[in-house]
Amino acid sequence: MSNKLFSLMPIKLTAILIIAVSMAGCGSEKRKSGSDELSLSESEISAGILEDVNSAKQIFYSLPSPLETAMLIKNAGASYNEDLLNSVDNTSNYTTNKSMALNLGIYTTDLSFASLFDQTQTSILYMNAAKRMADGLGILDAIDNNTIDMLEENINNRDRIMDIISETFMNSSSFLTENERPALASIVLVGGWVEGLYIASTLVGDANIEGNKLVERIVDQKLSFDIVMHLLEDNKDNIDVAEILTEIGDLKSTFDKIIITTTSIQAVPDEETNVTVLKSKSTIEITPEVFQELQEKVKMLRSNFIS
Amino acid sequence: MKKIFHFTVAIALLTLLPLSVNAQCKGFAKKICKVELSPYIHDGNYHAAILTVGEEAELYKTFYSDTDYRIAVCGSVNLPDIEFRVIDSDRNVLYSNKDNEYAMTWNFRLEASQQLKVFVKVPTAEGLPEEIASGCVAIMFGFLDKN
């Protein structure tokens with residue numbers, strides 16, 4: 001909104017305009033008022049960082065996106081297993097906003113996972129599945145036929161394919177948040193996050209968890225779980241979100257059994273590479289029994305989401 | 001007659017403006033801010049809001065070890081340079097762009113996964129018009145593909 005436009009308007013109209021602008025919600029953020037307090041007790045690790053929340057006016061809770069989740073799984077040395085993906089044949093089962101939003105996140109994570117392993121034909125199938133979910137939610141132009149064509153045209157260009165996936169996911173989430181549907185946007189994110197957790201924990205299977213990079217990535221999700229809960233808490237007036245909050249809240253008791261200890265961070269900038277390394281060390285404590293408990297709970301949760 | 005006209009325009013603005021202003025934020029994030037991430041790959045998440053001079057925002061995110069990240073924080077042209085800080089759980093400021101000529105991006109890598117806070121502020125600046133300036137502010141993240 002340009003200042004020039006402001007100067008051309010009568011004062012009363014300008015005032016109304018300012019009010020209208022301030023009413024405009026944007027993104028998956030929450031505008032805080034003094035009485036709108038958050039529960040801050042979810043995690044000892046993040047207690048310090050989250051206790052300043054009330055003083056800020058705009059709050060964003062950012063979860064790893066489907067693309068970042070898939071990248072983390074791959075970089076941890078995981079192998080590709082198509083059997084783990086939610087079948088595209090299930091798309092017709094999803095008819096409610098809740099199921100379509102959850103599975104938009106789930107299919108986008110599956111799509112990202114397949115793409116990072118250069119499974120182009122599968123990627124196209126899953127882009128179509130995600131499109132069906134987005135269309136069902138009334139998300140206009142997030143994924144169109146042109147998107148599918150672009151995927152096919154860039155079959156050997158993974159950077160471009162990742163860019164297309166990132167763009168379509170942003171289109172969906174921005175459409176929902178900008179059209180006053182932030183609750184659905186949060187459900188999409190949580191669906192994608194649970195799918196990543198499911199794929200990673202299933203890929204570990206019965207393998208030894210000691211020194212296992214994929215297990216480390218799963219344990220790291222204790223940090224993101226805290227953000228998941230805040231994101232859902234912010235939207236719990238929505239009945240679908242309230243249901244998911246109850247379902248996913250069951251993971252808390254298991255994550256609470258995992259202990260992550262981290263030393264303080266020392267930021268070391270490297271002028272040559274223009275990258276700052278945040279140096280610190282962390283240790284994790286998790287028993288095979290707790291990991292198995294987490295695997296089972298995640299499997300059950302994901303099964304509920306795709307059924 | 002003039003009052004009726006103003007009233008009608010005001011109602012129309014109240015009804016339509018939230019969508020149009022937000023749509024500007026989406027376009028701004030996509031067309032202006034996302035390019036700042038290159039060659040890092042945008043993660044696909046969308047964090048943008050209308051902020052007014054003096055307003056603040058905070059973002060909470062877990063960053064994972066051994067991953068190269070770039071954060072880009074951008075504001076509309078009518079806003080002063082946007083200030084941002086990255087803060088850890090001990091409230092230590094790991095980076096402040098104020099000390100770096102209000103750079104829009106920062107590249108970093110963590111040795112251990114951490115939940116960090118990104119604090120964003122639209123600072124008050126001298127020379128701004130008397131009217132309250134407001135505009136889109138976007139916070140975006142990218143990562144490098146190692147393979």
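# Notebook: a predicted two-chain model

**Helix H4 of chain A.** I began with H4(A) and found nine of its 10 residues buried, so the helix is largely enclosed by the rest of the structure. I took buried to mean under 20% relative accessible area, exposed over 50%, and partly exposed in between, with a 1.4 Å probe and protein chains only. Helices (H or I, at least four residues) and strands (E, at least two) are DSSP runs, numbered from the N terminus. The buried residues of H4(A) are Pro66(A), Leu67(A), Glu68(A), Thr69(A), Ala70(A), Met71(A), Leu72(A), Ile73(A) and Lys74(A). Just after H4(A), I noted a positive phi of about 90° at Gly77(A).

**Conventions.** I worked from a predicted model, in which local features need pLDDT of at least 70 and side-chain atom pairs count only at pLDDT 80 or more, while totals for chains, interfaces and linings use all residues. Residues are numbered from 1 along each chain as its sequence is written, chains are lettered from A and ligands numbered from 1 in the order in which they are written, and side-chain values use heavy atoms, with hydrogens and water left out.

**Ser65(A).** I located Ser65(A) in the loop between strand S2 (58-62) and helix H4 (66-75) of chain A. Its relative accessibility is 0%, so Ser65(A) counts as buried. Leaving out residues up to four places away in sequence, Ser65(A) touches Phe169(A), Asp43(B) and Asn45(B); contact here means heavy atoms within 4.5 Å.

**Cavities.** I counted five cavities of 30 Å³ or more in the structure. On a 1 Å grid over the protein atoms alone, a cavity is a set of points where a 1.4 Å probe fits but cannot get out, and a pocket is an open set with protein on both sides within 12 Å along at least five of seven lines; lining residues have an atom within 4 Å of a point. Grid points are joined across faces, edges and corners, and a volume is the space filled by probe spheres set on the points. The largest cavity has a volume of about 110 Å³. H4, helix H9 (182-204) and helix H10 (213-234) of chain A are the elements that each give two or more residues to its lining. H9(A) supplies the largest share, four residues. Among the lining residues I listed Thr69(A), Leu72(A), Trp193(A) and Arg217(A). By class, the lining has seven nonpolar, three polar and one charged residues. Ala, Val, Leu, Ile, Met, Phe, Trp, Tyr, Cys and Pro count as nonpolar, Asp, Glu, Lys and Arg as charged, and the others, Gly among them, as polar.

**Second largest pocket.** I recorded about 310 Å³ of space in the second largest pocket. Of its 14 lining residues, Asn274(A), Thr276(A), Tyr95(B), Asn100(B) and Trp106(B) lie nearest its centre. Two or more lining residues come from each of strands S4 (266-270) and S5 (275-279) of chain A and strands S6 (93-96) and S7 (105-110) of chain B. I sorted the lining into seven nonpolar, five polar and two charged residues.

**Helix H7 of chain A.** In H7(A) (residues 145-153) I found Thr147(A), Ile148(A) and Leu151(A) buried. Seen down the helix axis, these buried residues fall within an arc of 100°, so they line one face of H7(A); the arc is that of the directions from the helix axis to the C-beta atoms. Asn145(A) and Glu153(A) are exposed on the other side. Helix H6 (120-136) and helix H8 (158-178) of chain A are included in what covers the buried residues.

**Chain B.** I found one helix and nine strands in chain B. Of its 147 residues, 57% are buried. Among contacts in chain B with a separation of 6 or more, 81% are between residues 24 or more positions apart.

**Backbone details.** I noted a cis peptide bond between Ser38(B) and Pro39(B), with omega about 10°. Pro39(B) sits in the loop between helix H1 (2-33) and strand S1 (41-42) of chain B. Glu180(A), a residue other than glycine, has a positive phi near 60°. Glu180(A) is partly exposed, with a relative accessible area of 47%.
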